[in-house]
2 protein chains.
Amino acid sequence: MSTRPDDAALPATIERPAGRRRKAPPVVRHEDKRLAILRIAAQLFAQNGYEATSLDMIADQIGMHKATLYHYIKNKEEVLYFCLVKSFENLDEVVEKVKDRSVPTLQRLRYFAQSLAHAQNSDFGRCLVVVGLRPLTTEASLDIRRFQRRLDTTVRDLITEGIAAGDIKPCVPALLSAMLFGMLNWVPQWYQEDGKYSIDEVVETFMTMLIQGIAARPQR
Amino acid sequence: MSTRPDDAALPATIERPAGRRRKAPPVVRHEDKRLAILRIAAQLFAQNGYEATSLDMIADQIGMHKATLYHYIKNKEEVLYFCLVKSFENLDEVVEKVKDRSVPTLQRLRYFAQSLAHAQNSDFGRCLVVVGLRPLTTEASLDIRRFQRRLDTTVRDLITEGIAAGDIKPCVPALLSAMLFGMLNWVPQWYQEDGKYSIDEVVETFMTMLIQGIAARPQR
């Protein structure tokens with residue numbers, strides 16, 4: 001999962017190449033613009049906080065009139081809600097893969113950590129980690145909380161399975177899961193894309209240290 | 001460090017026992033009330049977020065008129081600033097103790113983690129972890145950032161010392177430090193005082209798993 005805006009997320013002000021033969025149908029273009037709006041909103045929320053970011057600022061940044069913005073979104077809370085939903089978008093598939101018992105548990109734990117870290121260090125993930133769910137109404141935050149619980153359950157089940165398989169030393173799965181999420185959740189707070197390490201290197205380092213601590217058998 | 005309000009932090013509405021002989025001098029009582037205000041503000045900031053908490057709400061909660069509140073504090077930003085300063089209050093001593101080379105490095109790392117976790121899971125610490133520095137002006141947040149960097153440097157130096165002493169496997173101290181802070185910084189987001197585990201138990205579990213992963217020699 002890339003942390004760089006993809007083509008579909010070009011800011012609405014940037015025209016597509018003139019030479020393009022087929023115009024995308026209107027529905028797709030609407031979705032493109034909507035995604036571009038969400039991505040820029042996510043960046044602004046993570047940068048300035050939710051309260052300090054206005055719809056005017058989002059419209060400004062995207063080079064769109066605020067009245068036009070309302071063709072794509074209803075209000076600021078809805079924007080945040082969809083940014084947070086997007087932060088989980090690719091994790092459904094990850095949760096399914098983590099259940100594949102043909103792969104050793106510790107290898108699956110590494111895979112989960114890598115996938116989560118990439119999701120968290122995308123524009124939408126940073127928005128979730130930095131802003132959190134507080135600005136949403138209880139109802140709107142329920143979906144997100146449900147998915148967060150699902151991620152936690154996925155990790156706890158994997159740890160329980162690892163202990164039963166003799167891969168992981170006996171421990172309290174809930175606490176090991178909390179430790180793992182803490183390590184990873186904090187990364188967007190300090191990680192710099194132009195820094196010394198890639199996300200893969202950070203997670204690889206974390207997981208090697210962690211796994212050497214929790215593995216029932218010596219690693220490597 | 002207790003996470004329960006101590007006597008000095010009784011809400012201003014709660015009268016001290018009538019039988020008390022000596023009245024505290026006015027300066028002390030002023031400081032008592034100020035601390036009570038800060039503690040209640042920290043609780044409200046952590047609970048509702050900074051923007052959603054008003055000075056009216058703080059005055060209300062403490063049972064004080066808003067005009068009276070201004071005898072103790074200047075504005076909301078100042079309240080947050082002092083809450084965050086308080087979150088570090090007892091860590092100066094910890095930083096000094098961590099430098100004591102007569103104690104093995106891994107033992108000092110455990111001690112640091114325990115102390116940090118207690119500070120973070122106090123009213124003021126939760127306020128720092130949940131609200132962060134964003135609402136402060138750059139200038140006001142400098143002191144706090146300086147102390148955070150000092151904590152990070154303390155841990156990195158300790159890890160470097162541990163590697164040199166043959167206690168810790170060779171690793172990148174900056175990444176191990178980021179991993180440790182992440183694990184611990186996240187605790188206030190999920191920890192419940194009335195839950196199954198004490199802060200000491202949580203940190204003990206975390207550190208046992210971590211130390212088994214990073215120790216150069218088998219532990220226990």
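Author: Gladly! Let's begin with a term: a salt bridge is a side-chain nitrogen of Lys or Arg within 4 Å of a carboxyl oxygen of Asp or Glu. This is a predicted model, where local features need pLDDT of at least 70, side-chain atom pairs count only at pLDDT 80 or more, and totals for chains, interfaces and linings use all residues. Residues are numbered from 1 along each chain as its sequence is written, chains are lettered from A and ligands numbered from 1 in the order in which they are written, and side-chain values use heavy atoms, with hydrogens and water left out.

Reader: Which residue meets Lys99(B) in a salt bridge?

Author: Side chains of opposite charge can pair when their charged atoms come close. Here the N to O distance is 3.5 Å, and the partner of Lys99(B) is Glu96(B).

Reader: Is Glu96(B) buried or exposed, or in between?

Author: Buried means under 20% relative accessible area and exposed over 50%, with partly exposed in between (1.4 Å probe, protein chains only). Glu96(B) has 45% relative accessibility, so it counts as partly exposed.

Reader: How many residues apart are Glu161(B) and Arg108(B)?

Author: These two form a salt bridge, with the closest N and O atoms 2.7 Å apart. Arg108(B) is buried because its relative accessible area is 3%, and Glu161(B) is buried at 16%. Helices here are DSSP runs (H or I, at least four residues; strands are E, at least two), numbered from the N terminus. Glu161(B) lies in helix α8 (residues 138–164) of chain B and Arg108(B) in helix α6 (residues 105–120) of chain B, so the pair links parts of the chain that are distant, 53 residues apart.

Reader: How many residues of chain B are in contact with chain A?

Author: Contact means heavy atoms within 4.5 Å. On the side of chain A, 28 residues take part, and on the side of chain B the number is 28.

Reader: What area is buried between chain B and chain A?

Author: Buried area is the accessible area (1.4 Å probe) that two parts lose on being put together, summed over both. Carbon and sulfur atoms give 73% of it, and the area between chain B and chain A is about 2,500 Å².

Reader: How many salt bridges does the rule find across the interface of chain B and chain A?

Author: Over all chains, the structure holds 28 salt bridges. Across the interface of chain B and chain A, the number found is 0.
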